[in-house]
Every structure is written in structure tokens, then in C-alpha cells.
Amino acid sequence: MPVTTATHETVQRAAPELPAHRDPDVLRWLTAYTASMVGDSVYYIALSWAAVQAGTPAQAGLVMTASAVPRALLMLGGGVIADRLGPRRVVIGSDAVRCAAVLAVAALLYATTPGLWPLALLALVFGAVDAVFLPAVGALPARVTSRGQLARVQGMRGLAIRFASVVGGPLGGLGVAAGGAAAAFALAGLLIAVSVPLLCSVRIRELPADDQAAAGGTAWSDLLAGLRYVRRHRVLAPLMLAIALGDLGFVGPLNVGLTLLADERGWGAAGMGWVLSGFGVGAGAASLLLTLRGRLPHAGRLAGSSILAGSVAIGGLAFAPTLATAVGTALLIGLLAGLSGAVCGALLQTQTAPAYLGRVTAVSSLVSVGLAPLSMPVSAAAVGAWGTGPVFVASAAVCGLGGVTALGVRNLRRAELPR
């Protein structure tokens, strides 16, 4: 009997792992994630339209930014919850809460004209739920697929995000056109609801015993343990710094800065749309590359070089002589930023022990979603004071520091994705 058991285990180890794009569990997870992301896009269209109709532009702006405060304040705690309760349970619960909240507001808008308060409350609920949802989403792939397929899954996730951004806007617009904000909210709720049964059908891998022991004690001690884990990790610590600098230098110019640049050059809204499309195509191509290849060699060097080259392209965008040149530059920025983002995300997934992924993703999400957007009002004020050229160059320098960090720290520079 012992011989038979050992032989059976050997056969199991020798069996080739199923590629992520052919794994039914990964595909169910990806479909659920895509439906949820499309629902999110439709929700934001509905929320912005309803807020503009119900109040002044300033009030609408406050409603649209109401999610940011609870999301930033609760993000680290959300990572602890994801690791303690398990990411699938947290994602299912988060989607269920978001679905119920959106459908409740849709019903309220159908029945009456309640004003801004339910919209503001909905935005706050979404922000609080996002603080738990985002870390759990980052921790889930490691429980669904093998370590060797995590990089491919990261590329697939990037494609899902690009698909949601392309499809969600028109769907939201159609919902508003067909039945107002109430219809768009109802559509968003139904799309989010699709993810729940799919996630329930996904089989989850058990954590190794060592990883299971990584979570314990109080929530506060788990949070501190997660922060210590990041700080002491020879790859994750510099990777977080590189991501933070890259995002801080990227978010301002490619959001507020691009709008002001398009207005200054006379490209108009249509021209700005073409530039954003170029960026989206480039970023999507980078995600597709990682999806098809499954692994890119010299990952640490590639991430640092991509951030550095992308920073040069960001600085050059402000000096593009024509709209066509700007679109081409934006495509290059999207390709390089998408490549660096996908590789950094894959390194984060593969370098982190599964039991810490919720907390590590929370730190990364706090930087990207919670802190980096703060650069937008700073960028807008700086453009008003000094013009687009100097601000884009300064932002490019900050972004470039992220690339220098990745290339300058030996352990990160030599980091590789698993085969």
C-alpha cells in the first residue's frame, strides 16, 4: 500500500498542469470577473448621469468622489478580511452587496425622485465594498490555478479590464437612453449578479499548511504581519515602491493632463477620445502578449525597462506636433504601461505566499486606487501655473524613478516569473 500511494503521488506530480486558458475553473472565474467589471462600468455611467440630473455640477462631483474616502481608509483592513475569510467568499459577498444596493437604488428611482442622498449613500457603500473586493480579487487567482499559470491569468485579467472599459460605456449609455438612470442601474445590478453563481461553481485549491498558519490572532496583528511581510520581502518591498512611483507619475498626465492638453492643442473631445483609444489598444496588446506567452523572461528587468521607457513617452506626449503623433505616442505609452503593469502584477502574484495575497494586494491597491488619484488635482493646478509641457516632464521624471528603482534593486531586477 505505501508503494502504491507513493506511485500515485508521483503520477500526480508528473501530470502536466492545465493551461489557464483551457482550465474550466479559470474560465468561470474570468467570466464572473468580466461580468462584474462591465457592471461596474455601467454603474459609474448611471451614477454620473443621475447625479448630474439631480444636482449641480459641484454636487455631482462630490457624489462621484464619495467612494474614494471609504475605499482608501478601509483598504488595508479589506486585505486582512480577504486573507482571514478566504477570497472567494469575500468576492461573492461583495458582489451580492453591490448588486442589492444598485438594484435598490434602481427601484427607488423608478418609484420616485429622491434627490442626491441615495446616490451619495450608494457611492459610499460601493467604496466600502471595494475596499474588501479589490484585495480579494487579487488573492483569488492563486486559489484557482497553479503558480506557473498566474502570469497568464494576470494577462487574462488585463484583457477583461480592457473589455469592460470598451463595452461598459456604450452599454451604460444605452441603458440611460432606454430608460434613464434607473434602467442603467438595473442593468449594472444584473451584470454584477451574473458573477455570483459562476463564482460559487469555481473549485478552490487548499493552501499549504505553512500558508494556513500565516493568518491567526487578531485582525490587527494580521494587518501588522502583512505590512512586515511586504517590508521585509526582498522583491515585494522595492516592487511596491516602483509601482507607487510609476502610478504617481502616470495617473495625472493621462487623466486631467490629457484633457487640458487636448483643449490647449484644439484637438477637442473627439481628438482626446482617439488618444485614449490609442492608449487602450496598446495596453490591451500588452495583456494579450502575457496571456498568449504565459511567461515573459527577465521579468524584473522587463518591468523596470518598460516603466523607464514609458516615462520618456509620457514626457514626449506633451510635445506631440499633431494629433496623429499623439495617438501613436499614446499607443506606445499604453503598450509600455500595460506591459510593466502586467509584469509587476504577475510578479506580485507569484512572489507572494498565497496566505498573504489579500494583504499584499491591499497595499498595492491602496497605492494605485487610493493615493495615485490624489495627483490629479495637483497636476491640474500645476498645468494652470506652468503649462502642460513642464508638468508632463515632471510627471515623467517621477514615473521614471519607478523604473530606476526596479532596475537598481538587485533582487527585483533579477526576479523571474515561474516556468
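Modeller: Gladly! Please keep in mind that this is a predicted model. The secondary structure of the chain comes to 18 helices and 0 strands.

Colleague: How does the radius of gyration of the chain sit beside the globule rule for 419 residues?

Modeller: For 419 residues the globule rule gives 22 Å, and the chain is close to that, so it is as compact as a globular protein of that length. Along the principal axes, the C-alpha atoms fill a box of roughly 75 × 55 × 40 Å. The radius of gyration of the chain is 22 Å.

Colleague: Good to know. What percentage of the 419 residues is buried?

Modeller: A residue counts as buried when its relative accessible area is under 20%. Of the accessible surface, about 18,200 Å² for the chain, 69% belongs to carbon and sulfur atoms. As for the 419 residues, the buried share is 52%.

Colleague: And what share of the contacts with a separation of 6 or more joins residues 24 or more positions apart?

Modeller: Contact here means heavy atoms within 4.5 Å. Taking the contacts in the chain with a separation of 6 or more, residues 24 or more positions apart account for 87%.

Colleague: How far apart are the mean positions of the positive and negative charges?

Modeller: The chain has 28 positive and 16 negative charges.

Colleague: Let's turn to S201. Which residues does S201 touch, not counting those up to four places away in sequence?

Modeller: S201 lies in the loop between helix 8 (150–200) and helix 9 (209–212). Its C-alpha is 8.9 Å from that of W29, although 172 residues separate the two in sequence. Beyond four places in sequence, S201 touches D25 and R28.

Colleague: Is S201 buried, partly exposed or exposed, and which backbone oxygen does its side chain reach?

Modeller: The relative accessible area of S201 is 34%, so this residue is partly exposed. The side chain of S201 reaches, at 2.7 Å, the backbone oxygen of L198.

Colleague: What is the phi of H298?

Modeller: H298 has its place in the loop between helix 12 (268–293) and helix 13 (299–317). With 44% relative accessibility, H298 counts as partly exposed. Most residues other than glycine have a negative phi. H298 is not a glycine, yet its phi is positive, at about 55°.

Colleague: Why does I307 count as buried, and which residues is I307 in contact with outside four places in sequence?

Modeller: I307 is placed in helix 13. Its relative accessibility is 7%, and the cut-off for buried is under 20%, so I307 counts as buried. Leaving aside neighbours within four places in sequence, the contacts of I307 are A242, S340, C344, C399, G402 and G403.

Colleague: One last residue. Is L241 buried, partly exposed or exposed?

Modeller: L241 belongs to helix 11, residues 236–265. Its C-alpha and that of V327, 86 residues apart along the chain, are separated by 29 Å. The relative accessibility of L241 is 44%, so the class is partly exposed.

Terms used
Residues numbered from 1 in each chain as written. Predicted model: local features only at pLDDT ≥ 70, side-chain atom pairs only at ≥ 80, totals over all residues. Heavy atoms only, no water. Helix = DSSP H or I, 4+ residues; strand = E, 2+ residues; numbered from the N terminus. Buried < 20%, exposed > 50% of the residue type's maximum accessible area, 1.4 Å probe, protein only. Polar contact = N/O pair within 3.5 Å; in protein donor to acceptor, adjacent residues only side chain to side chain. Rg over C-alpha atoms; globule rule 2.2 N^0.38 Å. Areas by Shrake-Rupley, 256 points an atom, 1.4 Å probe, with all protein chains shown as cover. Lys, Arg positive; Asp, Glu negative; His and termini not counted. Charge placed at Lys NZ, Arg CZ, Asp CG, Glu CD.
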